[in-house]
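Hi,

Here is the structure you will be working with.

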Amino acid sequence: MQIYGCKISYYTGKLETYLRFRGIPYETESRFGNEKELLAGAGVVQDPVVQLDDGRWMTDSTPMLAWLESEQKAPTIFPKNPVMKFVARLIEDYADEWLWRAAMHYRWSYRSDRRYAAEAIYSDGIDGSLLFPGFIARPRIAHRQFGSFVRGDGVTAKTREHVELGYLTALDRLQAIFERRPFVLGDTPTIADFGLMGPMLRHFGQDPTPAEIMRARAPAVYEWVARMWNTRAEGSGSWLIDEVDDVLADLLLEVCETHLAQLRQNAQAYSSNLTRYDQDIQGCHYVQVPTSRYRVWCLEELRRAWTALDGNAQEALRVHLTSPEAAILWDESAFSPSDYDNERQAPFNQGINVYGTGLPPR
Ligand SMILES: N[C@@H](CCC(=O)N[C@@H](CS)C(=O)NCC(=O)O)C(=O)O
């Protein structure tokens with residue numbers, strides 16, 4: 001398959017880790033210069049977009065991994081135990097949609113990280129179609145990314161400490177888990193691990209500032225990043241926990257307080273037709289963050305997965321989802337539907353960006 005995606009991209013790293021695990025060959029190419037084809041094929045320009053050998057296009061790492069996995073005969077990265085399967089999906093979503101803000105902040109707020117990333121994106125696209133010389137393009141890239149995904153996503157002098165705390169807490173929770181077992185749920189990776197590789201591989205584990213923090217504060221997480229990159233399905237273990245233990249419960253509390261709080265407030269803002277809204281997470285007030293239709297769909301997907309569980313599984317989960325924010329999974333609160341992928345064709349549908357047509361609205 002052909003992957004259109006930047007070599008330092010969050011979700012491309014997640015997809016690549018999975019393809020390596022399954023031994024599925026792929027080639028990568030920059031999206032720059034190929035925007036028309038991506039738009040026509042997948043309906044969206046983002047990293048990654050994939051074209052299969054049979055010509056079909058797909059996008060969005062979450063449904064792509066789900067579909068690729070459904071094509072496999074061998075044991076799956078989705079736990080059989082319905083409780084653990086739900087937990088794994090929830091962690092994937094937190095990794096996809098919550099840790100993103102911290103990942104973009106570290107990459108584009110710190111000078112060494114910004115320089116490295118702007119050069120990497122520039123050199124990745126240059127054999128495509130970038131028309132500007134590097135000395136003009138690199139600051140433009142940094143300006144676009146910082147303005148849109150850092151300042152434009154509510155990161156200010158007032159919220160910066162909380163944004164960084166989100167990364168540090170993720171490290172601490174995962175360190176405790178990997179001191180006990182090699183992967184999030186056992187001795188083989190699940191969708192929770194692949195999801196976490198989005199932020200952890202190409203951002204936190206690779207950008208100079210957060211990588212140094214990871215090495216010093218959470219060496220077991222640093223080791224896990226390399227282990228994930230080098231784990232093949234054949235030869236990998238098969239043991240998974242079938243109950244939420246204390247270290248996993250601690251991570252789930254963070255997931256609920258941050259990601260589910262964000263999904264709830266985003267869905268409310270979407271229902272009120274707001275393009276931006278103030279967001280309160282763990283007592284930190286973010287001013288005017290962008291509303292995301294895509295994340296309304298993420299919440300709908302999690303709610304569908306919750307509704308599909310039987311009563312026993314829901315009861316077992318509720319014991320561990322103690323944060324009041326978890327109630328958004330099961331309460332009756334209504335919000336405007338995303339109307340995204342109503343035909344349930346993802347990842348072969350016409351995709352949408354997380355924000356607008358790529359960048360959050362100004
Ligand atoms: N939901 C998509 C998100 C893909 C995505 O947002 N990728 C980022 C880069 S890692 C992107 O292309 N952002 C839009 C832009 O920068 O123009 C997925 O899971 O693959």
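Below is what came out of it, by topic.

Please keep in mind that this is a predicted model.

Ligand shell. The residues around the ligand are Ser9, Tyr10, Tyr11, Gln46, Asp47, Asp60, Ser61, Thr62, Asp96, Asn353, Val354 and Gly358. By class, the shell has 3 nonpolar, 6 polar and 3 charged residues.

Domains. The protein chain splits into domain 1 (2–70) and domain 2 (82–103 + 158–329). Their C-alpha centres are 22 Å apart. At the contact, 14 residues of domain 1 meet 20 residues of domain 2. On the domain 1 side, α1 and α3 each supply at least two residues. The most come from α1, with 9 residues. The side of domain 1 that touches domain 2 divides into 6 nonpolar, 5 polar and 3 charged residues.

Helix α11. This helix covers residues 219–230. Now the sides. Val221, Tyr222, Trp224, Val225 and Met228 of α11 are buried. These residues sit on the same side of α11, because they cover an arc of only 160 degrees around the axis. The face turned away from that buried side carries Ala226 and Asn230, which are exposed. The cover over the buried residues of α11 includes α1, α8 (160–178), α9 (191–204) and α10 (208–217).

Best wishes

Technical notes:
Residues are numbered from 1 along each chain as its sequence is written. This is a predicted model: local features need pLDDT of at least 70, side-chain atom pairs count only at pLDDT 80 or more; totals for chains, interfaces and linings use all residues. A residue is near a molecule or strand if its C-beta atom, placed from the backbone, lies within 6 Å of it. Ala, Val, Leu, Ile, Met, Phe, Trp, Tyr, Cys and Pro count as nonpolar, Asp, Glu, Lys and Arg as charged, and the others, Gly among them, as polar. Domain bounds come from an automatic or database domain assignment. Two residues are in contact if their C-beta atoms, placed from the backbone, lie within 7 Å. Helices (H or I, at least four residues) and strands (E, at least two) are DSSP runs, numbered from the N terminus. The expected span of a helix is 1.5 Å times one less than its number of residues. A residue is buried if 20 or more other C-beta atoms lie within 10 Å of its own, exposed if 12 or fewer, and partly exposed in between; C-beta atoms are placed from the backbone. The arc is that of the directions from the helix axis to the C-beta atoms.
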